[in-house]
Amino acid sequence: MRKIWWKILAASFVCISIVAGFIGPVPELPILNETIRNVYFHVPMWFAMITLYTISMVYSIKYLSSGKVEFDTIAVEAVNTGIIFCFLGLLTGMQWANITWGDPWPNDPKLNGSAIATLMYLAYLVLRNALEEEQKRAKISAVYNIFAFPIMVVLLYILPKLTDSLHPGSGGNSTFGDLDMDNYMRPVFYTAVIGWILTGVWICTLRYRIRLIENKRTQLS
Amino acid sequence: MKKIFLSTSFLFLSLLSAFAQSNGVEMATYLRSSGKIWVVVLVVLTLFIGIFIYLFTMDRRIKKLEKDK
């Protein structure tokens with residue numbers, strides 16, 4: 001993971017998605033107008049978040065089966081980075097909703113679900129700080145993390161699809177695939193998603209490496 | 001590493017400005033060039049290139065720290 005090519009890929013994909021996202025053609029729709037371009041910037045935040053949370057859950061399972069402290073460190077740093085993307089997603093979503101739905105926080109099941117999911121992951125971080133003993137902390141928080149992940153998926157992706165949500169693809173709403181009939185948006189959208197996921201993973205690895213150095217320092221002193 | 005990154009970003013920026021100029025000539029065909037949207041694109045792109053350069057330098061500094069051990 002210390003190779004440079006995928007970091008350059010991350011940077012260039014995000015930059016390409018910015019240029020294509022601003023300039024490229026988009027379907028002309030009422031209410032949304034040009035704000036449909038937010039799909040390239042708001043949605044990738046959530047993709048990056050769920051990727052980081054998945055990494056975190058996988059490493060929590062790995063920690064429980066092997067007992068290696070490094071895996072626990074990866075799990076925490078993935079959540080730490082994922083929560084940044086979660087807040088960015090919430091903020092950009094609120095700005096977008098304020099204009100198109102007329103309210104920064106309409107009582108939408110997807111919004112409420114994401115709020116609960118955010119609190120759940122904040123609770124994970126608080127839980128870690130509350131436990132003093134290292135092994136106990138790592139074990140309990142790993143178990144919590146493994147349980148939090150499926151609940152987050154249900155709250156964010158399954159429950160809103162079952163009820164009426166303002167988000168696309170929920171209830172009777174059409175999905176973005178139906179709106180984007182000429183398939184102009186799809187390549188740009190995927191470029192943005194891949195770019196942002198890689199950027200998130202990159203930031204996570206930086207945080208992890210800093211933590212490793214810190215851990216070594218505390219062990220030496 | 002830094003050289004590769006700098007040269008690619010310069011190439012990208014110069015390509016972009018060339019593209020923007022050619023748009024300026026054919027104003028009537030491009031809807032958005034008259035609204036000066038390219039300026040916004042350039043500003044946002046500069047911001048993100050700045051952020052990525054910051055990430056790359058941070059990466060290098062951490063690498064140095066790792067080698068010290």
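How many helices and strands are there in chain A? I counted 7 helices and 0 strands. I kept in mind that this is a predicted model.

**Entry 1: the whole chain**

I read along the sequence and wrote down the pattern α-α-α-α-α-α-α for chain A. Next I looked up the extent of the chain. Its C-alpha atoms fill a box of roughly 60 × 40 × 25 Å along the principal axes. Of the 221 residues of chain A, 38% count as buried.

**Entry 2: helix α1**

I turned to helix α1 of chain A, residues 5-23. This helix has 19 residues. From first C-alpha to last, α1(A) reaches 27 Å, close to the 27 Å expected at 1.5 Å a residue. Which residues of α1(A) are buried? My list includes F13(A), V14(A), S17(A), I18(A) and G21(A). K7(A) is buried too, as are A10(A) and C15(A). I noted a rule beside this list: an α-helix has 3.6 residues a turn, so residues three or four places apart point the same way.

**Entry 3: helices α2 and α3**

I looked up how α2 (residues 43-66) and α3 (residues 69-100) of chain A meet. Their axes come within 8 Å and cross at roughly 160°. Angles over 145 degrees count as roughly antiparallel, so α2(A) is roughly antiparallel to α3(A). The crossing of α2(A) past α3(A) is left-handed. Last, I sorted the contact of these two helices by class: 17 nonpolar, 7 polar and 2 charged residues.

Notes:
Residues are numbered from 1 along each chain as its sequence is written. Chains are lettered from A and ligands numbered from 1 in the order in which they are written. This is a predicted model: local features need pLDDT of at least 70, side-chain atom pairs count only at pLDDT 80 or more; totals for chains, interfaces and linings use all residues. Axes are lines fitted to C-alpha atoms, for helices over the stretch in contact, and angles run from 0 to 180 degrees between N-to-C directions. Helices (H or I, at least four residues) and strands (E, at least two) are DSSP runs, numbered from the N terminus. Angles under 35 degrees count as roughly parallel, over 145 as roughly antiparallel, 65 to 115 as roughly perpendicular and the rest as oblique. A crossing is left-handed if the near helix is turned anticlockwise from the far one by less than a right angle, and right-handed if clockwise. Ala, Val, Leu, Ile, Met, Phe, Trp, Tyr, Cys and Pro count as nonpolar, Asp, Glu, Lys and Arg as charged, and the others, Gly among them, as polar. The expected span of a helix is 1.5 Å times one less than its number of residues. A residue is buried if 20 or more other C-beta atoms lie within 10 Å of its own, exposed if 12 or fewer, and partly exposed in between; C-beta atoms are placed from the backbone.
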